[in-house]
Amino acid sequence: MAAALGNQSSLSSFILAGLFSHSPYGSFFFSLVLLAFGVAVVGNILLLMLIQADRRLHTPMYFFLSQLSVMDLTMTCTVVPKMATDFLSGGKLISLGGCASQIFLVVTVGGAECFLLAVMAYDRYMAVCHPLRYPMLMNWKACSFLAMASWMGGMVDSVIDVGVVFSFPYCGSLEVDHFFCEVPALLRLSCADTSLFEDLIYACCVVMLLLPLGIIVASYARVLTTVMKMPSTEGKQKALTTCSSHLAVVGLYYGGAIFSYMQRASARTPLGDRAPSIFYTIVTPMFNPLIYSLRNREVTSALKKMLERWGL
């Protein structure tokens with residue numbers, strides 16, 4: 001990556017157009033983004049604290065949920081603070097290193113979250129469909145390996161993306177028509193032919209998005225079949241509540257990611273890139289802790305216990 005950045009000796013910074021540059025209601029939308037950012041940060045940190053503090057939440061499902069919260073925090077904190085600083089100060093410059101860091105972190109977390117959501121679906125499949133074998137198969141060693149593999153999968157993809165993106169020459173306008181450094185937005189500025197790399201990105205996205213999504217769909221199809229056969233109404237309701245929360249998160253994340261990355265370069269527009277990016281960098285990190293806490297009795301019980309301990 002360092003070698004690739006070194007090739008751009010004359011390039012020191014890019015200009016970020018921002019999220020509100022084309023809107024007369026920039027201050028209002030900025031307030032909404034700050035509110036969403038605050039909810040995302042507080043919600044995910046609180047969820048991490050609850051999982052750490054309550055022994056009842058020391059299970060594989062909540063271990064993976066804690067990883068999801070770390071990913072959401074990383075994603076939103078990589079993008080929103082820089083965007084907010086630029087909006088308030090009027091500055092739009094981002095250094096080459098800052099741009100590379102944004103791409104690296106966003107792609108790492110984005111890829112890791114794709115894999116993690118598939119792992120979480122597999123975890124629910126094992127818990128519901130094979131409850132007797134579940135403690136043995138989903139032990140802490142297996143859970144740690146699956147979480148680490150998710151992070152590494154995203155990291156490998158991001159290293160390749162950063163290395164290739166900054167190997168291209170940028171000799172025209174350096175204004176990125178986006179609110180953060182995203183690969184498709186940067187490739188538009190290159191004065192070289194990037195079509196081969198764009199096709200490679202498309203192929204990688206098919207694998208990194210559709211393969212995990214296939215695992216998720218197959219896992220929940222089996223889960224739903226098993227749940228419908230359960231004699232206990234309470235057990236059936238608990239399983240459906242947990243799985244529906246996960247499916248809501250999957251729908252939010254994959255909806256934005258598929259729309260953003262699984263388009264041919266010829267079909268992309270700056271506005272079309274910004275809209276779905278808002279979902280997976282701001283909206284999804286805000287909703288994830290809310291979905292899992294409001295629809296989960298164990299989390300709400302742990303929250304009440306913590307509030308009582310604090311005298312609230």
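## The second largest pocket

The second largest pocket holds about 380 Å³ of space. The model it belongs to is predicted. In this pocket, 23 residues form the lining. Val-107, Asp-157, Asp-161, Cys-205 and Met-208 lie nearest the centre.

Four helices each supply at least two residues of this lining: helix 4 (96-129), helix 6 (140-165), helix 8 (195-228) and helix 9 (233-261). Helix 8 gives the largest share, with seven residues. By class, the lining of this pocket has 18 nonpolar, three polar and two charged residues.

## Helix 4 against helix 6

Two of the helices that line the pocket, helix 4 and helix 6, also pack against each other. Their axes are 7 Å apart, and the angle is about 145°. The crossing of helix 4 and helix 6 is right-handed.

Which residues of helix 4 meet helix 6? They are Ala-100, Ile-103, Phe-104, Val-107, Thr-108, Val-109, Gly-111, Ala-112, Phe-115, Leu-116 and Val-119. On the helix 6 side, the contact includes Trp-151, Gly-153, Gly-154, Asp-157 and Asp-161. The contact has 15 nonpolar, six polar and two charged residues. Val-107, Asp-157 and Asp-161 take part in this contact, and they are among the residues nearest the centre of the second largest pocket.

## Two cavities

The structure holds two cavities of 30 Å³ or more. The largest cavity has about 50 Å³ of space. Its lining consists of Met-61, Met-120, Asp-123, Arg-124, Tyr-220, Thr-242, His-246 and Tyr-292. Helix 4 gives the largest share, three residues. The lining divides into four nonpolar, two polar and two charged residues.

The second largest cavity has about 30 Å³ of space. Met-61, Thr-242, Ser-245, Tyr-292 and Asn-296 line this cavity. Its lining has two nonpolar, three polar and no charged residues. Met-61, Thr-242 and Tyr-292 line both the largest cavity and the second largest cavity.

## Helix 2 and helix 3

Helix 2 (residues 26-53) and helix 3 (residues 60-89) form another pair. Their axes come within 9 Å of each other and cross at roughly 150°. With an angle over 145° counting as roughly antiparallel, helix 2 and helix 3 are therefore roughly antiparallel to each other. Their crossing is left-handed. The residues of this contact divide into 21 nonpolar, six polar and one charged. Met-61, named above in the linings of the largest cavity and the second largest cavity, falls within the residue range of helix 3.

## Helix 2 and helix 11

Helix 2 also packs against helix 11 (residues 297-309). How far apart are the axes of helix 2 and helix 11? The distance is 10 Å, and the angle is about 90°. The two helices are therefore roughly perpendicular to each other.

Helix 2 brings Leu-46, Leu-47, Met-49, Leu-50 and Ala-53 to this contact. Helix 11 brings Val-299, Ala-302, Leu-303, Met-306 and Arg-309. Nine residues of the contact are nonpolar, none is polar and one is charged.

Technical notes
Residues are numbered from 1 along each chain as its sequence is written. This is a predicted model: local features need pLDDT of at least 70, side-chain atom pairs count only at pLDDT 80 or more; totals for chains, interfaces and linings use all residues. Side-chain values use heavy atoms; hydrogens and water are left out. Axes are lines fitted to C-alpha atoms, for helices over the stretch in contact, and angles run from 0 to 180 degrees between N-to-C directions. Angles under 35 degrees count as roughly parallel, over 145 as roughly antiparallel, 65 to 115 as roughly perpendicular and the rest as oblique. A crossing is left-handed if the near helix is turned anticlockwise from the far one by less than a right angle, and right-handed if clockwise. Ala, Val, Leu, Ile, Met, Phe, Trp, Tyr, Cys and Pro count as nonpolar, Asp, Glu, Lys and Arg as charged, and the others, Gly among them, as polar. On a 1 Å grid over the protein atoms alone, a cavity is a set of points where a 1.4 Å probe fits but cannot get out, and a pocket is an open set with protein on both sides within 12 Å along at least five of seven lines; lining residues have an atom within 4 Å of a point. Grid points are joined across faces, edges and corners, and a volume is the space filled by probe spheres set on the points. Contact means heavy atoms within 4.5 Å.
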